Each structure stands twice: as structure tokens, then as C-alpha cells.
Amino acid sequence: MRVITGSARGRRLLELAGTETRPTTDRVKEGVFNIIQFDIEGRRVLDLFAGTGQLGIEALSRGAASAVFVEQRRDAAALVRENLKLTGLAGRARVVNGEALAFLASAGERFDLIFLDPPYAAGLWESAMAAISRFDILANHGIMVCESPADQTMPAAAPPLLLHRTYRYGRVKITTYHREEDEA
């Protein structure tokens with residue numbers, strides 16, 4: 001697992017032992033960043049269910065202004081901090097060791113880009129998306145990128161989110177949602 005491009009290009013990231021964390025493959029990660037390549041620079045990023053932090057770290061490496069990483073497992077949150085140090089990106093990041101849905105309820109800020117990649121078996125897409133809509137944390141023109149198994153039916157988007165597009169990479173599906181603009 002490595003950073004594909006940007007200021008930390010080529011840096012290898014640490015991974016957790018065992019099978020509890022499922023890192024996004026380099027092929028899927030490259031596909032995700034091809035999709036959003038013009039929507040990263042200067043943006044505020046939320047890496048929800050961060051795992052190793054590789055999606056948020058990739059965004060920071062490509063010029064995102066800041067990133068918040070939310071991870072419930074203490075060992076995984078510590079690993080995200082270590083990966084941020086390894087890449088020299090810790091100064092633009094904050095790691096929250098806590099439950100994702102509780103974080104959404106108390107976030108109090110909006111993000112331009114949200115990565116939503118919960119543990120597949122937990123089935124948290126619907127509740128996380130509902131909380132993101134309810135607490136209105138995706139900024140105007142913001143993008144939410146969801147990773148799921150290819151056979152997973154993703155929930156309908158609740159306003160202000162709109163389903164944008166779905167991409168398939170073998171057994172993985174990437175679904176993007178955009179936020180409609182606030183009315184003046």
C-alpha cells in the first residue's frame with residue numbers, strides 16, 4: 001500500500017495485521033482519485049471509517065487543505081497517526097479515535113470531500129449517509145465517495161445529496177454522491 005502521487009508520492013504506508021481492516025487496493029484507489037482529481041486541491045476532507053488512513057492521506061498528498069480521520073479502533077487510529085508522520089502530512093490532519101456516527105452528530109463543520117468506506121459486514125452505509133444528510137456536513141458542491149462490494153445495493157440519497165455515478169472495479173463498487181447547492 002503506497003501513496004500514488006503528490007507530495008508523498010511513493011511512500012509506503014503501514015498496515016494493520018489481521019483481517020479486521022480491509023485496505024482499498026491500489027487499483028481501486030487510483031480509480032477513485034481519477035474520478036475526483038479536479039476536486040481535491042484546497043478541499044477539506046473527511047475520511048470516515050479511516051482504517052489505515054490511506055484515502056485521506058492520498059487526498060492530502062494531492063493538495064487537500066486538511067483532513068479529519070475518524071476511526072473507532074484504537075490501534076487503527078494510532079496507525080493513521082503514524083502514517084501521517086511517515087508522509088509528513090500530520091500538520092494538516094486531525095485523527096479522531098471514536099465511533100463514526102457519533103462523530104457525525106457532533107462534527108459542527110462541513111467537508112468538501114467525504115470518503116465513506118465502512119467495514120463491509122457492518123452495513124453502515126445507510127445510517128452514515130442519513131447522518132451526513134441530517135447533520136448537513138457535506139459542503140455545497142461537495143462530493144461523497146462510497147466504497148462497497150459490487151453486489152451491494154447502495155441506499156437512495158436523501159436531500160441534499162444526489163446520486164451522481166457508479167463505477168465498478170472487479171468486486172468493488174465506487175458510488176459518488178454530490179451535494180446540491182443551498183438555495184439563496
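Ala, Val, Leu, Ile, Met, Phe, Trp, Tyr, Cys and Pro count here as nonpolar, Asp, Glu, Lys and Arg as charged, and the others, Gly among them, as polar. By that scheme, the lining of the largest cavity splits into seven nonpolar, no polar and two charged residues. Keep in mind that this is a predicted model, where local features need pLDDT of at least 70, side-chain atom pairs count only at pLDDT 80 or more, and totals for chains, interfaces and linings use all residues. Residues are numbered from 1 along each chain as its sequence is written, and side-chain values use heavy atoms, with hydrogens and water left out.

**Overall build**
- You'll find five helices and seven strands in the chain (DSSP runs, H or I of at least four residues for helices and E of at least two for strands, numbered from the N terminus).
- Along the sequence they follow the pattern α-β-α-β-α-β-α-β-α-β-β-β.
- The C-alpha atoms fill a box of roughly 40 × 35 × 30 Å along the principal axes.
- Of the 184 residues, 51% are buried (under 20% relative accessible area, 1.4 Å probe, protein chains only).

**The cavity lining**
- Val32, Leu55, Phe115, Leu116, Asp117, Val145, Cys146, Glu147 and Ile174 line the largest cavity (on a 1 Å grid over the protein atoms alone, a set of points where a 1.4 Å probe fits but cannot get out; lining residues have an atom within 4 Å of a point).
- Strand 5 gives the largest share of that lining, three residues.

**The hairpin**
- Strand 6 (residues 161-169) and strand 7 (residues 172-179) pair in the antiparallel sense over eight bridges (pairing takes at least two DSSP bridges).
- Leu162 has His178 in strand 7 as its bridge partner.
- Two residues sit between these strands, and Gly170 in the turn has a positive phi of about 65°.

Conventions:
On a 1 Å grid over the protein atoms alone, a cavity is a set of points where a 1.4 Å probe fits but cannot get out, and a pocket is an open set with protein on both sides within 12 Å along at least five of seven lines; lining residues have an atom within 4 Å of a point. Buried means under 20% relative accessible area, exposed over 50%, partly exposed in between (1.4 Å probe, protein chains only).
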